[in-house]
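Student: I have a structure open here and would like to talk through it with you. Could we take it piece by piece?

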Amino acid sequence: MTVHAAPRPDISQRRFTLATDLDGTFLGGTDEDRATLYQWIEANRDTVGLIFVTGRDPEFIMQMCREQGLPWPEYVVGDVGTTIAEVAPDGSVVPIEPLEEDIAARWNDAGEGVRALLDDHPGLTLQPTRFRYRVSYDLSPADFDPRAQDLIEEVGLDWLISDNRYFDVLPRGVSKGPSIRRLIDHLEIPEHRVLCAGDTLNDLSMLASGLPAVAVGNSETALTDRLNGLDSVHHAHAHGAAGILEAIAAFDLHDIPENA
């Protein structure tokens, strides 16, 4: 299968690049809103770059693209920032080794130790997928014992709670924000041509990174409260995909459809 039907200008030369979370953001809003955004991206691929920045793993992301007819990203920052990869023309996801070396070193094969440390911890259910540089749990707020946070910090790692239902253990200093900035720098994309989009607390480091950003209208309150007062962040009224288009217009990053 060919993802890119024809060569495109280098992403660093394009007028605008969207770096977006998936669930609730790129996948949020009405069917009509999503269709408007996706069709606009496909019609402008020579001037619009697309990067998915998500907690999802790359295999799941590509499956979603195939099954749901999403625009194909050219790069992926996945696994809550612990994967930085290029999407090849055949749809395969190829980690960018120079950008992942530091992530791997910070993780230092900590997975087994983390799983043992939090085994049967109240309110945490281990997710079955074994990720390369993170360990992820489903979180039950009513049962959760916050001492898990202290345990993770004591072993030199970071924790992240998002949407009040996920608990991720990550390498120290690694999350969506540092990883998208590392990728943008690697690709030599001018920062003012990028828009970061998200809706939950695991997007905080990305939206507060200093890059132009949007918290879409359906964002969780805990996220918008943390972003208040940041001039680089647009708080959209519209939800999901429509909120992304609203921010593109607000920052004057690209011409958008008249009906958006």
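Student: Where does Asp-57 lie?
Tutor: Asp-57 lies in the loop between strand E2 (48-53) and helix H3 (58-68), where helices (H or I, at least four residues) and strands (E, at least two) are DSSP runs, numbered from the N terminus. This is a predicted model, in which local features need pLDDT of at least 70 and side-chain atom pairs count only at pLDDT 80 or more, whereas totals for chains, interfaces and linings use all residues. Residues are numbered from 1 along each chain as its sequence is written, and side-chain values use heavy atoms, with hydrogens and water left out.

Student: Which residues is Asp-57 in contact with, leaving aside neighbours within four places in sequence?
Tutor: With those neighbours set aside, Asp-57 is in contact with Asp-79, Phe-131 and Arg-134, contact meaning heavy atoms within 4.5 Å.

Student: And how far apart in space are Asp-57 and Val-76?
Tutor: Their C-alpha atoms are 9.3 Å apart, while in sequence Asp-57 and Val-76 are 19 residues apart.

Student: Switching to strands, is E9 mostly covered or uncovered?
Tutor: Strand E9 (residues 166-171) is mostly covered, since five of its six residues are buried, and buried means under 20% relative accessible area, exposed over 50% and partly exposed in between (1.4 Å probe, protein chains only).

Student: Which strands pair with E9?
Tutor: Strand E7 (residues 135-139) pairs with E9 in the antiparallel sense over four bridges, and strand E8 (residues 157-162) does so, also antiparallel, over six bridges; two strands pair if DSSP finds at least two bridges between them.

Student: Where is Asn-108, and what is its phi?
Tutor: Asn-108 is placed in the loop between helix H4 (97-107) and helix H5 (111-117), and its phi is near 55°, a positive value in a residue other than glycine. At 59% relative accessibility, Asn-108 counts as exposed.

Student: What about Asp-120, buried or exposed?
Tutor: Asp-120 is exposed, with a relative accessible area of 69%. Asp-120 lies in the loop between H5 and strand E6 (124-126), and its phi is positive, about 65°, although Asp-120 is not a glycine.

Student: Zooming out, how many helices and strands are there in the protein chain?
Tutor: The protein chain has 10 helices and 12 strands. Its radius of gyration, taken over C-alpha atoms, is 18 Å, close to the 18 Å that the globule rule gives for 260 residues, so the chain is as compact as a globular protein of that length; the rule is 2.2 Å times the number of residues to the power 0.38.

Student: What share of the residues counts as buried?
Tutor: Of the 260 residues of the protein chain, 53% count as buried.
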